[in-house]
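Hello,

Here is the structure I promised to pass on to you. Please open it first and have a look around; my notes on what turned up follow below.

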Amino acid sequence: MGLALRAEGIRKEYGKHVVVDIDHVEVAAGETLALLGPSGAGKTTLLAVLGLLEKPDAGQVFLDGRPVSSKDTQARMQMAAAFQSPYLFKGTIADNVAYGLKLRGIPAARRREAVAEALERVGLSGWESRSALTLSGGEAQRVALARALVLKPRVLLLDEPLSSLDPLIKGRLTQDFARIIHEDSMTTVYVTHDQNEAMAVAETVVILRDGRVVAQGHVDDVMGLPPDDWTAGFLGSEPPLAGTVISSAEGLVAIDVGGPVVYATGEIAPGTRVMAGVRPEDVLLFEGTADIPRSTARNRFQGTVSDIQLWGVMYHMVVEVDGVRIASRVSRASVREMGLAQGSQVQVVFKATAVRVRPFDESGRLDRDE
Amino acid sequence: MQVFVDAVVTAVTLLFQGSAELWNVIAATFEVAIISTVAGVAFGAPMGFVMGATRFRGRRLLIALTNTGMAVPPVVIGLVVMMFLSRRGPLGFLGLLYSVDAMSIAQTLISTPIIAGLTAAAVASVPYKLRLQARSLGASRIQEALLALKEARLGVLAAVASGFGAVVRGVGAVMMVGGNIEGQTRVLTTAIVQESRKGDFGLALALGLILMFITFTMNGFLTWYQHSNERFEGR
């Protein structure tokens, strides 16, 4: 495996506005990195720099350890991209998919074979002679993916490829894209502002804000334990809890988070300062007096609903437990059935395995968001 | 109204009979128009591409100058070319004044900014990200430029047609540097001026009809091409 793509000290300005300013980003060979962040965070610009499409004002991109630039044709030929708008060229679908092959001087017969194969992979077998400009959004995006895949790139760059599609097609294509990327164990950089998409396709994630990296690491770690308030808010969870390990035995640690004691799996020496977090999806709520069936869920608290918001199909609820805020995702039916509202007494339940823990000083980002 | 009836009758008669004089005029018209359109494309299209697709210092000034060039009255261009080519002018030694060459030079100065300006607008309308997409699939700068021209081809074609139209209908510049010499530098527009001054409305109108036919054919072709592309694009 090893590193495929790495960038050091990348800085890019448009006029006096700094769009990207990052120390270090890397993707391991065969893995997918999601660049996640709100609009204007510099995701697309960073992607363009990583893909050797734009020259950074400072910094260096490395492909397999070798310094590369936008003038390095050999390196550029090992990469391919698909963007948010498919930007299909005038002509047939086959013309579009064959574009990169033509640039590489592949003979016509082999081009035809490769195009047919690529179209089959994206579920558009036999669509070669259709006009590229008569397609629906989802179909066009499949063609754009085929146009990149057909080149069998070492690095695949995808810039919000699904964000302009309706939810039904988006859901299906997310699955398809994730499968195709993993089948080929292609090194992929995937730009998105949708964390669900990021979780579906990526192993590692970089969260960008105003051109800077605010969080970086394995998808489960970053999503489960965002480093600061802003990132937590962006990811739809509560800020991490700061606490101290009070005991550690048989793979289970007890953490005093300033009131309740939260259990997590792992082995950390007592007295260690840590940050802990749990994804809202992993937190269950029960009525305050309900008799909860025995289960393996170690963490059970009494709390008060302090905030309730409807986010799409689910409610996002914040429960206060002895001054500590814990978020939960609850279906509309459950909220109706339990009659939940601000001030309701509830029981909060989650498993020790759902809790992410990180030593406090490792990130040191808790108060970075001033 | 009798004057119109007479004119139309004369025009139709002349058109069907034809005459050496008439054919000379038509030939000279086409010669000047084709030379100055081809030269206008050769200078204007690359210029337009650079203005539309790249960013450089002084680009806005160049675009402003080009747009001004599109609107300069042909007589002014005729005057300047005439001054250059006149016996006392810096290029007087070439002895080009009152020739088809002189007319072609003046008309090229008219067609170039038109073709450059409209090509720039057409190419600028190709989204930057489409070119970025081509680049990401391995296109070199030149391949990227060719793709942008291909994407903007309807606009580029319209630019060429506008350049052709401007030179085929222009009268001021060709009159000044060509001199409207019968059998040599007389073209359709200058002939119309000449014949109507003489009161020969029939001949003038016949020439006008021929001019309109040329323009109509040109535009008809353009419209047909646009439609065939639109059908292809599924609009």
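Chain A is divided into domain 1, covering 3-233, and domain 2, covering 243-359. Please keep in mind throughout that this is a predicted model. Taken over C-alpha atoms, the centres of domain 1 and domain 2 of chain A are separated by 36 Å. Where the two meet, domain 1 of chain A brings five residues to the contact and domain 2 of chain A brings six. On the domain 1 side of chain A, the touching residues are three nonpolar, one polar and one charged.

As for the make-up of chain A, its secondary structure comes to 11 helices and 20 strands. Its C-alpha atoms fill a box of roughly 70 × 45 × 45 Å along the principal axes. Chain A has 370 residues, of which 42% count as buried. If you take the contacts in chain A with a separation of 6 or more, 66% of them are between residues 24 or more positions apart.

Chain B has 11 helices and zero strands, so you will read α-α-α-α-α-α-α-α-α-α-α along its sequence. The box filled by the C-alpha atoms of chain B is roughly 65 × 50 × 25 Å, again along the principal axes. Of the 235 residues in chain B, 39% are buried. Among contacts in chain B with a separation of 6 or more, residues 24 or more positions apart account for 78%.

Now to the place where the chains meet. Here 23 residues of chain A are in contact with 16 residues of chain B. On the chain A side, β6 (79-82) and α3 (93-103) each supply at least two of the touching residues. By class, that side of chain A has 14 nonpolar, five polar and four charged residues.

Two spots in the backbone of chain A are worth a visit. Most residues other than glycine have a negative phi. K152(A), not a glycine, has a positive phi of about 45°. You will find K152(A) in the loop between α5 (137-149) and β7 (155-159) of chain A. E160(A), also a residue other than glycine, has a positive phi near 40°, and its place is in the loop between β7 and α6 (167-183) of chain A.

Are these two residues buried or partly exposed? K152(A) has 13 other C-beta atoms within 10 Å, so it counts as partly exposed. E160(A) has 21 other C-beta atoms within 10 Å, and it is buried because the cut-off is 20 or more.

Back in chain B, have a look at a pair of helices. The axes of α2 (residues 20-53) and α5 (residues 100-124) of chain B come within 5 Å and cross at roughly 35°. The crossing in which α2(B) passes α5(B) is right-handed. The residues of this contact divide into 21 nonpolar, 13 polar and one charged.

Which residues have the most contacts inside the largest nonpolar core? They are L35(A), A106(B) and V177(B), in a core of 137 residues. α5(B) gives the most to this core, with 13 residues. Leaving aside neighbours within four places in sequence, A106(B) is in contact with I77(B), G78(B), V81(B), A173(B), V174(B) and V177(B). Apart from this core lies another, of 27 residues, among them L225(A), L241(A), I255(A) and V330(A).

A last stop is helix α10 (residues 188-197) of chain B, in which L188(B), T189(B), T190(B), A191(B) and I192(B) are buried. E195(B) has its place in helix α10 of chain B as well. Not counting residues up to four places away in sequence, E195(B) touches D200(B), L203(B), A204(B) and L207(B). From E195(B) to G179(B) there are 16 residues in sequence and 15 Å in space, C-alpha to C-alpha. After α10(B) comes G199(B), with a positive phi near 85°.

Enjoy exploring, and do write back with any questions.

Best wishes

Terms used:
Residues numbered from 1 in each chain as written. Chains lettered and ligands numbered in written order. Predicted model: local features only at pLDDT ≥ 70, side-chain atom pairs only at ≥ 80, totals over all residues. Domains from an automatic or database assignment. Contact = placed C-beta atoms within 7 Å. Nonpolar A, V, L, I, M, F, W, Y, C, P; charged D, E, K, R; others polar. Helix = DSSP H or I, 4+ residues; strand = E, 2+ residues; numbered from the N terminus. Buried ≥ 20, exposed ≤ 12 C-beta atoms within 10 Å, placed from the backbone. Axes fitted to C-alpha atoms, helices over the stretch in contact; angles between N-to-C directions. Left-handed = near helix turned anticlockwise from the far one by under 90°. Core = buried A, V, L, I, M, F, W, Y, C linked by C-beta atoms within 7 Å.
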